[in-house]
Structure formats: structure tokens, C-alpha cells
Amino acid sequence: MVPLALYIHWPFCLAKCPYCDFNSHVRERIPQTRFASALRTELAWEAARLGRRPLGSIFFGGGTPSLMEPETVAALIADATALFDPLPDLEITLEANPTSVELGRLAGFRAAGVNRVSLGIQSLDAGALGMLGRQHSAGQAVAALEMARGMFPRVSFDLIYARPGQSVAAWGAELREALALCADHLSLYQLTIEPGTGFEALHRRGELVLPDDDLAAELYHATLDACAGHGLAAYEVSNLARPGGESRHNLAYWRYADYAGIGPGAHGRVTLGGELVATRRHRAPEPWAERVERQGHGSTAEERIGPRDRAREMLLMGLRLAEGVDGARFAARTGMALEEALDADVLEQALEAGYVTFRDGCLAATMEGRLRLDALLGQLVA
Ligand SMILES: C[S@@+](CC[C@H](N)C(=O)[O-])C[C@H]1O[C@@H](n2cnc3c(N)ncnc32)[C@H](O)[C@@H]1O
Ligand code: SF4
């Protein structure tokens, strides 16, 4: 049985960043005890219906899970490893922000069993950190990174590039600095404008202008080249690692394995009674907690995913990966051959244009293809 990946969502942040549309909320006082207990209750409920399964990874995401009490993280890890069968090399990741509030907690997270930290550094440039509305300086971010590297076996960090006015040369210099600090994994995201964010309002008024497609492509190529020089390969569109440093948890999503999502707004794809089921939790934190307190879970409408939708989702996720979508794995998950799920004419054109390759039963997007992934997927999936 393919091991389960478990996602646990912590919905609170110190401040809301103007680019971010994740399910994150600011509260004067974070209701720690209530949410710790609700998360544990919902995990037990989910585990009861999933039954004992091998557990490959746990990921504490947010929001800002480094604002959780380390005792809560320890309790959730203890519950998960008792309710499922953890693999000996269980990967346990926690997303952390590099503000002083969290630095004091890192040792507690390590003692709780976390073995991988993903730090939200976003930029090493003071002006950019201000523009992004971050609560930390570049110096604090570097200090947090050094502390984390001394404490955790695996450390990754996130940067946001393709920011307004950013030249290839300026990004190159920032990235070189980042590469000198990096361990075996980096997440490098191009800034996107998300609906309902502060940046969207600025963008609509023409006060925030993103790089055009040509510059964005140039920035992407420059990013991959610089990282390759440091032995980091883009195993996914925005995620780079040295061999073996890949995030196993995120690989489970992209390979379309079963993953369970606990906490407000979390979603999952889990096999239940032989069917693949899409799960979703109520998004607003307090109403989610009320539901958990009342009925043991905050689950909203769930639906069975039929073969066509499984095929579409698996291609959508898998073509983000350099390794692509494996035909045998695809058939096992969807009951369909890869060729059956694809529009033959569009596939032919995409092969000719060099956007995809189809070798040894495996369909993969090339780097050029990955730059046009959304448009490509819209047409390719029959
Ligand atoms: C769940 S979020 C944030 C984790 C953590 N709270 C933090 O702020 O560091 C994960 C990552 O998504 C990226 N991200 C969020 N919104 C983005 C956007 N609009 N454009 C590009 N990257 C974004 C950021 O790099 C962020 O670290
Ligand atoms: S980027 Fe991180 S800290 Fe900022 S609002 Fe989003 S989840 Fe919270």
C-alpha cells in the first residue's frame, strides 16, 4: 500500500501578507488550547475511518504553524504515529516564519519530532521584504536559517521572485546569496496575484506591475541555471533539491498518492471503501472548531472522484514534476491508459513543439512545456 501523507493546517499568522491567499487569519490572541484539542479530535476521526495504514509523511502547514505550541506539535505527532503505521524514515515537516517569536520555539519543535523545517524567508533584500509586508528582516531570516540548519537534519526555505521592477541581474545576485545559505532544498516561487489580496487591488489600479511573460521566462531560466550550478535540480516547477533532498510529502501530492488533510480549509484525496474521495474541511477557523466540538470533525460535502477526474487531476499534478507521469502508476490510479486520457492531436502537436516527451510509457513536460503548463493542460487532457 502506498503510504499516506498527512497534512495538518494551522490557520493563524502574526499579520496578513498582502500577496497571500492561503487560509490564514490574524487574531489578537490565538486560541491555542481550543485549536490543539480540535486538531487532535479531527485527526482521530479521520484515522478511524481510514484505518491503519503506512504513514510516509506529516506536514504542518499554514498559516504559520511555527506559532503553534511545541506541545501541540508533539501531541499531534504522537497521535498520528500511534493511529497509523509510521515508516522508519517518516518525514515530519513544519513551516516556520523567521521572526523572533518563532526562533525560541525551534528547539521545542525538534524535540517534538519535527525533522524538516521549511522557512518562509521570501527575500534577502530589505526593500523587497517591506514591499511584501513581512514581519522580519533579512538578517533575522539568515539567523533563523543558520539556527535551523544547526538543529534539523533537513531545512528548506522559500523565496518569492519576479517581483515588480526586479531585473535578472538583481535576482541573480539575491539567488547567489541564497544558494550560499541553502542546504538540500529550495522553493522558489514567481510572485502571482491572487484574488482578494491587497496586491490584487494594487494590481487592478496599475500600481503593481509584474514582469511580462518574456522577462518571467528569462528569470525562470536564470533561476534553473544558477541552481543547477549548485547541484539543485527543479524536480517540480518551483521546487529544487539535491538528489534525495526532495520533499516526500509534496511528492505524494504531485504523484497523486493518498493524502489526508486535517484542520480548517484542509483538503484531501483518500481511498475509502475502494473509492477515491475528495475531502474538504470548513474554511473559517472558529466555525470549523465548533463543528469539530459538536460532531468530531469539520468536514463539508465530500465527493467521489470518478476515473475521468482522477485522470485530469493526476495529469495536472504530475506534469509539474520533472519525472512526469508514469503510465503504470496512472493506470493503477485511474483505470485508464495515459493515451486514453489525452487528446491525440494536441499530444502530437505538443510532442512536435518540444513541450512534452513521451518515453518508456512516461509523459513529462519539458522545461519549455512547464513554462506554458496551464495552457498546455487545458488542451492536452481529453
Ligand atoms: C503557506 S505559504 C507561507 C508559509 C509561512 N507562513 C510563511 O509566510 O513563510 C507557503 C509559501 O507560498 C508562497 N506564496 C504565498 N503566496 C504567494 C504568491 N502570491 N506568489 C508567490 N508565492 C507565494 C510563499 O513563498 C510562502 O512561503
Ligand atoms: S505568507 Fe505566510 S505569514 Fe504571510 S499571510 Fe500567508 S501564511 Fe501568513
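**Legends to close-up views**

View 1. A polar side-chain atom of Arg134 lies 2.9 Å from an oxygen atom of ligand 1. This is a predicted model, in which local features need pLDDT of at least 70 and side-chain atom pairs count only at pLDDT 80 or more, while totals for chains, interfaces and linings use all residues. Residues are numbered from 1 along each chain as its sequence is written, chains are lettered from A and ligands numbered from 1 in the order of writing, and side-chain values use heavy atoms, without hydrogens and water. On the nitrogen side of ligand 1, a nitrogen atom is 2.8 Å from a polar backbone atom of Gly63. A nitrogen atom of ligand 1 is also 3.0 Å from an N or O atom in the side chain of Asn97. Around ligand 1 there are 17 residues, of which Gly63, Gln122, Arg134, Asp158 and Thr192 come nearest; a residue is counted if one of its heavy atoms lies within 4 Å.

**View 2. The surroundings of ligand 2.** The residues around ligand 2 are Cys13, Ala15, Lys16, Cys17, Tyr19, Cys20, Ser24, Gly63, Thr64, Asn97 and Arg134. This shell divides into five nonpolar, four polar and two charged residues; Cys and Tyr count as nonpolar, and Gly as polar. Cys20, one of the residues around ligand 2, sits in the loop between strand 1 (4-10) and helix 1 (32-50). Helices (H or I, at least four residues) and strands (E, at least two) are DSSP runs, numbered from the N terminus. Cys20 has a relative accessible area of 16% and is therefore buried, the limit being under 20% with a 1.4 Å probe and protein chains only. Between the C-alpha atoms of Cys20 and Asn115, which are 95 residues apart along the chain, the separation is 26 Å.

**View 3. Ser66 and Asn97.** Ser66 is placed in the loop between strand 2 (54-62) and helix 2 (70-83). Its relative accessibility is 0%, so Ser66 counts as buried. From the side chain of Ser66 to the backbone nitrogen of Asn97 the distance is 3.1 Å. Beyond residues up to four places away in sequence, Ser66 touches Leu94, Glu95, Ala96, Asn97, Glu102, Arg105 and Phe109, where touching means heavy atoms within 4.5 Å.

**View 4. His297 in its loop.** The loop between helix 11 (285-295) and strand 12 (303-304) holds His297. His297 is buried because its relative accessible area is 15%. A polar atom of the His297 side chain lies 3.0 Å from the backbone nitrogen of Ser299. With neighbours within four places in sequence left aside, His297 is in contact with Glu42, Trp45, Arg291 and Val292.

**View 5. The hairpin of strand 14 and strand 15****.** Strand 14 (residues 356-359) and strand 15 (residues 362-365) run antiparallel and are joined by four bridges. Val356 stands opposite Ala365 in strand 15, and Thr357 has Ala364 of strand 15 as its bridge partner. Two residues lie between the strands of this hairpin, in which Asp360 takes a positive phi near 50°.

Conventions
Pairing = 2+ DSSP bridges. Buried < 20%, exposed > 50% of the residue type's maximum accessible area, 1.4 Å probe, protein only. Polar contact = N/O pair within 3.5 Å; in protein donor to acceptor, adjacent residues only side chain to side chain.
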